[in-house]
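Student: Can you walk me through the contacts in this one? I'd like to start with the chains and then get to the charged pairs.

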Amino acid sequence: MNHFKIKDNDEAKKLMKLALSAGETLLKNGAEAYRVEDTMERMCSSRENIHNVNSFVTQTGVFLTFEHEDKTYVNFRRVRGTAMNLKRIHLVNQFSRDFVFKNISIDEGLNIIQDINNTKSFTRLDKAVFGAAACAFFTLMFGGNLRDFIASYLVSFLTVLLLNITTEFKLTFFIENFLGAFLASLFSCITVVIGLGANLDKIIIGSIMHLVPGVPITNAIRDLMSGDSLTGLSKGMEAIFSAVAIAFGVGIVLSLYMGGIIR
Amino acid sequence: MNFLDHAYQLILGFFAAVGFAVYFSAPLESIFASGVAGGLAWLVYYVILKMTGNKIIGTFLGAFLAGILGEFLAIKLKKPATVFIIPGIIALVPGAGMYYTMFYLVQREYLQAAIIGSETLFMASAIAIGVIVSTIFSRSLRHFRKMGN
């Protein structure tokens, strides 16, 4: 065990800020609730004169409290909007480990967290190119042919790029998913109508794959099973509503297509 | 023929996982490994589906393998297991089930929609259970090793 100490009130407040920032960064980038709670608790209790560390994390906020000498510190952060970023999760994880075992000053830590929040590993174009490729390969995996592959690539590339623009307006996840699914299935119908794609269902399945909340649903069920019921429920609800939004988007286009309006 | 088909599916799964690893901004040095995990998980699902015709058990075993590989790679490459597990399981996510549920709802074939919808739900739970079981499995394995030493 190490013997790093927190000197005074000011430093304790900064520690609170640091741990909350680390937790917020984790949660914003798609980490599971137990990882966020664990990271914050470890970071605080690594300092010798910090006691009774408790954290509570839901899908929409992180809460943290600890005692330093005879004072109790309580604070929380509201977290809005999550987007998957595995690199930042990895970096915060590494930083929290360093922080526990090395004597990193808290100001330094705050700078590191800020740097982590600003790291960009891939540009939007990279993401669109690779995300579209992934979707196109899904079309093949579900039994599409080469024409469907090309159609699905074009459709999902266009959809990802357009969705990048709409995220600027900070719409809610529901509208974004709805719009994404709507555009993806509309473009898919167009590729079939102009004769590029062959199997409409395979193209749509591939193209909506980057929207489908598979990871949130999995994480939600994991949270529920490990006892974080509130997080699991809220995350699961969000995932179910994303799925409903996608289903609406696809459903509208499908019913138009089958009704013979888009032909 | 069979071997070629399996190799083809492995490659498809690999590229799908690599694409999603980039889409989820995974660290550069982990992308190849998560691609391999994704490819193998998809291959297991595919083989089990062909053998038994049961999607749910295939999904479970695929997710289990992805989880085990994730825990293993996490130790080898010193990164949290999530970095490998998330691109690994993405191929198993029942996007097709969601689509067909909606398709049948639009056509007002509610019985078909209920059948496929419930299967989709079970597949989603199977992924989660597979990952959890693999986490518990690898943790207890580590525990036993420590006791052995």
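Student: What kind of model is it?

Tutor: It is a predicted model.

Student: OK. How many residues of chain B are in contact with chain A?

Tutor: On the chain B side 45 residues are in contact, and they meet 44 residues of chain A. The area buried between the two chains is about 4,200 Å², and carbon and sulfur atoms give 80% of that.

Student: Which three residues of chain B supply more of that area than any other three?

Tutor: Those are Tyr23(B), Met98(B) and Tyr99(B), which supply 16% of the area that chain B buries against chain A.

Student: And how many salt bridges between chain B and chain A?

Tutor: The count is 0. There are 6 residue pairs in polar contact between chain B and chain A, counting pairs with both residues at pLDDT 80 or more.

Student: Which helix of chain B gives the most to that side?

Tutor: Helix 1 of chain B does, with 9 residues. At least two residues each come from helix 1 (2-23), helix 2 (31-52), helix 4 (82-89), helix 5 (95-106) and helix 6 (110-148) of chain B. By residue type, the side of chain B that touches chain A has 35 nonpolar, 8 polar and 2 charged residues.

Student: Switching to chain A. What does the domain assignment give?

Tutor: For chain A the assignment gives domain 1 (9-118) and domain 2 (124-258). Their C-alpha centres lie 33 Å apart.

Student: What about the area buried between those two domains?

Tutor: About 830 Å² is buried between domain 1 and domain 2 of chain A, with 48% from carbon and sulfur atoms. In residues, 11 of domain 1 are in contact with 10 of domain 2.

Student: How many salt bridges across that interface?

Tutor: The rule finds 1 between domain 1 and domain 2 of chain A. Arg222(A) forms a salt bridge with Glu32(A), and their closest N and O atoms are 3.6 Å apart. On the domain 1 side, helix 2 (33-45) and strand 1 (50-58) of chain A are the elements that give two or more residues. That side of domain 1 divides into 6 nonpolar, 3 polar and 2 charged residues.

Student: Is Glu24(A) buried or exposed?

Tutor: Glu24(A) is buried, because its relative accessible area is 17% and the cut-off for buried is under 20%. Arg77(A), at 23%, is partly exposed.

Student: Where do Asp223(A) and Lys235(A) lie?

Tutor: Their side chains meet in a salt bridge at 3.1 Å, N to O. Asp223(A) is in helix 9 (residues 214-225) and Lys235(A) in helix 10 (residues 229-258) of chain A, so the pair ties together parts 12 residues apart in sequence. Both Asp223(A) and Lys235(A) are buried.

Student: And what does Lys55(B) pair with?

Tutor: Lys55(B) meets Glu119(B) in a salt bridge at 3.9 Å, N to O. Lys55(B) is in helix 3 (residues 55-77) and Glu119(B) in helix 6 of chain B, so this pair ties together parts 64 residues apart in sequence. Lys55(B) is partly exposed at 31% relative accessible area, and Glu119(B) is partly exposed at 29%.

Notes
Residues numbered from 1 in each chain as written. Chains lettered and ligands numbered in written order. Predicted model: local features only at pLDDT ≥ 70, side-chain atom pairs only at ≥ 80, totals over all residues. Heavy atoms only, no water. Contact = heavy atoms within 4.5 Å. Buried area = accessible area lost by both parts, 1.4 Å probe. Salt bridge = Lys/Arg side-chain N within 4 Å of Asp/Glu carboxyl O. Polar contact = N/O pair within 3.5 Å; in protein donor to acceptor, adjacent residues only side chain to side chain. Helix = DSSP H or I, 4+ residues; strand = E, 2+ residues; numbered from the N terminus. Nonpolar A, V, L, I, M, F, W, Y, C, P; charged D, E, K, R; others polar. Domains from an automatic or database assignment. Buried < 20%, exposed > 50% of the residue type's maximum accessible area, 1.4 Å probe, protein only.
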